[in-house]
Amino acid sequence: MPRRSQFASVAEEWLRKNAGGKPVSTKDFWVGLSALHPSLTSPSEGRKTPKATCMRDLRKDPAFELGGGKIGLKN
């Protein structure tokens, strides 16, 4: 089984607690995730675009649906 992205578990947790089973805007998702996990979501010298990395990783994870500016969990 492939290893999941560091963003996957925290994203899944946030969506379960805050999305009510419905897709949310990627903006609302990122603001919420950033408030809970600033060390993971803040740019740094080694990670200049954490939002782009997060979204890329979540697109590749089969647990998530992304598109049209929305993100949600697959049922």
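Modeller: Let's start with exposure: a residue is buried under 20% relative accessible area, exposed over 50%, and partly exposed in between (1.4 Å probe, protein chains only). Asn18 is partly exposed, at a relative accessible area of 44%. This is a predicted model, where local features need pLDDT of at least 70, side-chain atom pairs count only at pLDDT 80 or more, and totals for chains, interfaces and linings use all residues. Residues are numbered from 1 along each chain as its sequence is written, and side-chain values use heavy atoms, leaving out hydrogens and water.

Colleague: Which helix holds Asn18?

Modeller: Helices are DSSP runs (H or I, at least four residues), strands are E runs of at least two, and both are numbered from the N terminus. Asn18 sits in helix H1.

Colleague: Thanks! Where do the buried residues of H2 fall, seen down its axis?

Modeller: An α-helix has 3.6 residues a turn, so residues three or four places apart point the same way. In helix H2 (residues 26–36), the buried residues are Thr26, Phe29, Trp30, Gly32 and Leu33. They fall within an arc of 165°, so they line one face of H2; the arc is that of the directions from the helix axis to the C-beta atoms. On the other side of H2, Lys27, Val31 and Ala35 are exposed.

Colleague: What do the buried residues of H2 pack against?

Modeller: Contact means heavy atoms within 4.5 Å. The partners of H2's buried residues are H1, strand S1 (24–25), helix H3 (38–41), H4 and strand S3 (70–73).
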